[in-house]
Amino acid sequence: MNGAFRLIGLAWLLAVPAAALSGDLDAETITVEIHGRAFIPNRIVLHAGRKTALQFRNHDTELHAVVAKELFLGVNFSVGGNGAPEFGPDGLIRVIIPADGLAEIQFTPASAKTFSYWCDMPGHDMRAVIVVE
Ligand SMILES: [Cu+2]
């Protein structure tokens, strides 16, 4: 299963302009695949104080969103690829990822903690966890 996802992911990487992604060799790059209305894997581990490129690749033919407000509270971040960030008074509300899209969120996790995140599109029951060590 992983191999198939990786192949699809590679095809996508070739389609996205390189400038849209950080390409930062110092950054720890972690990729979550979105497939069949699920975050795969449903638990990832990041590291506090480490520059991170967190990628979400949407392999579905519908929009998905990543709602992870708490993870980005008080943290500088930027969104690359074709993810669309939505902001509210308290900061980032969610990042929308188009069908066949790739969003890359570049940031440095501040503190060790476990965060849950989800997709808030109507009818999507998608939840997963980000552990910051
Ligand atoms: Cu969704």
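**Entry 1: strand E8**

I count two strands as paired if DSSP finds at least two bridges between them. Helices (H or I, at least four residues) and strands (E, at least two) are taken as DSSP runs, numbered from the N terminus. I note that this is a predicted model, in which local features need pLDDT of at least 70 and side-chain atom pairs count only at pLDDT 80 or more, while totals for chains, interfaces and linings use all residues. Residues are numbered from 1 along each chain as its sequence is written, and side-chain values use heavy atoms, with hydrogens and water left out.

I looked up the partners of E8. Strand E5 (residues 64–66) pairs with E8 in the antiparallel sense over 3 bridges, and Ala 65 stands opposite Ile 96 of E8. Strand E7 (residues 84–88) also pairs with E8 in the antiparallel sense, over 5 bridges; here Gly 88 has Gly 91 of E8 as its bridge partner. I record E7 and E8 as a hairpin with 2 residues between them. Of the 7 residues in E8 (residues 91–97), 5 are buried (under 20% relative accessible area; exposed is over 50%, partly exposed in between; 1.4 Å probe, protein chains only).

**Entry 2: aromatic pairs**

I found 6 aromatic pairs in the structure. Rings of Phe, Tyr and Trp (its six-membered ring) pair if their centres lie within 6.5 Å; planes under 30 degrees apart count as stacked, over 60 as edge-to-face and the rest as tilted.

Phe 39 and Phe 56 have ring centres 6.3 Å apart and planes at 75°, so I list the pair as edge-to-face. Phe 39 belongs to strand E2 (residues 39–40) and Phe 56 to strand E4 (residues 52–58), so this pair ties together parts that are 17 residues apart in sequence. Both Phe 39 and Phe 56 are buried.

For Phe 72 and Phe 107, the centres are 4.8 Å apart and the planes at 65°, so this pair is edge-to-face. I also noted that Phe 72, Phe 77, Phe 87 and Phe 107 form one aromatic cluster.

His 64 in strand E5 and Cys 119 in strand E10 (residues 113–119) are 55 residues apart. Both His 64 and Cys 119 are buried.
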